[in-house]
Structure formats: C-alpha cells, structure tokens
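Open the structure in a viewer and keep the sequence panel at hand. The stops below say what to select and what is there.

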Amino acid sequence: RIIVYQAATQSKHWLGGKWLNILDILVAMLFVLDLSHNKIGDSGARAVGKLLNGRCILTTLNLCDNKIRSNGAAAIGHALGKNTTLSYINLSWLNR
C-alpha cells in the first residue's frame with residue numbers, strides 16, 4: 001500500500017514550527033512526499049534533511065521548484081548519505 005502526501009503551496013516559511021512537527025510524524029508513515037512548488041528555500045531543505053535522518057520510510061520525495069540553493073542542497077545530500085529507504089528524489093528546477 002502506498003501512502004502519498006502532497007503539500008498544497010503555502011506561504012514562504014510554512015516548513016517551520018507546527019508544520020515541521022506534523023511532517024516529522026507523517027514521514028514515519030508515508031512512502032511518497034510531494035513538496036514541489038512550495039518555495040521552501042534552504043531553511044526548508046535543512047528541515048527536510050533532518051526528516052530524512054529520522055524515522056523516515058519515504059521511498060519517493062519531490063522537491064521540484066523550491067528555491068533551494070547550495071546550502072540546502074548540501075543538507076539534503078548529507079541526509080541522503082545516511083538514508084536507506086529513499087529510492088527516488090526529484091530535484092528539478094531546484095533554484096527556480
């Protein structure tokens with residue numbers, strides 16, 4: 001069974017506070033997470049990196065078009081080195 005969560009486009013800083021707590025719970029249950037077109041930036045990418053290091057069972061992650069620059073990409077890259085479940089990640093139009 002595949003469980004999918006697609007975030008609706010939110011405000012610029014939506015990945016902070018309560019949203020991060022909710023996502024931390026969700027990634028322990030989700031296989032597919034679509035955060036595309038949310039403009040999460042480097043701070044959001046660092047938060048995603050932390051989620052990937054936790055109890056994550058994600059197999060698919062979509063971060064397309066999120067204004068992620070080198071610092072955020074590095075945080076995700078570091079997390080991917082430790083994550084054993086993710087098999088597909090979409091990073092197209094990363095800094096658009």
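**Stop one: L63**

Select L63 and show its neighbours. Leaving out residues up to four places away in sequence, L63 touches L35, S36, I40, V48, I68, I76, I89, N90, L91 and L94. Bear in mind that this is a predicted model.

**Stop two: the core around it**

L63 also belongs to the largest nonpolar core, which has 19 residues. Colour L33, V48, L52, L58, L61, L63 and I68: these touch the most other members of that core. The largest share, four residues, comes from α2. As a rule, nonpolar side chains in soluble globular proteins tend to be buried together.

**Stop three: the helix pair**

Now select helix α3, residues 70–80, together with α2. Their axes come within 8 Å and cross at roughly 5°. Angles under 35 degrees count as roughly parallel, and α2 and α3 are therefore roughly parallel to each other. On the α2 side, pick D42, A45, R46, G49, L52 and N53; they meet S70, N71, G72, A75, I76, A79 and L80 in α3. By class, this contact has six nonpolar, five polar and two charged residues.

**Stop four: R55**

Move on to the loop between α2 (41–53) and β3 (60–62), where R55 sits. Is R55 buried or exposed? Its relative accessibility is 52%, so R55 counts as exposed. Beyond residues up to four places away in sequence, R55 touches D24, I25, V27 and A28. Finally, select N83 as well: N83 and R55 are 28 residues apart along the chain, and their C-alpha atoms are separated by 9.7 Å.

Terms used. Residues numbered from 1 in each chain as written. Predicted model: local features only at pLDDT ≥ 70, side-chain atom pairs only at ≥ 80, totals over all residues. Heavy atoms only, no water. Helix = DSSP H or I, 4+ residues; strand = E, 2+ residues; numbered from the N terminus. Buried < 20%, exposed > 50% of the residue type's maximum accessible area, 1.4 Å probe, protein only. Contact = heavy atoms within 4.5 Å. Axes fitted to C-alpha atoms, helices over the stretch in contact; angles between N-to-C directions. Parallel < 35°, antiparallel > 145°, perpendicular 65-115°, else oblique. Nonpolar A, V, L, I, M, F, W, Y, C, P; charged D, E, K, R; others polar. Core = buried A, V, L, I, M, F, W, Y, C linked by side-chain atoms within 4.5 Å.
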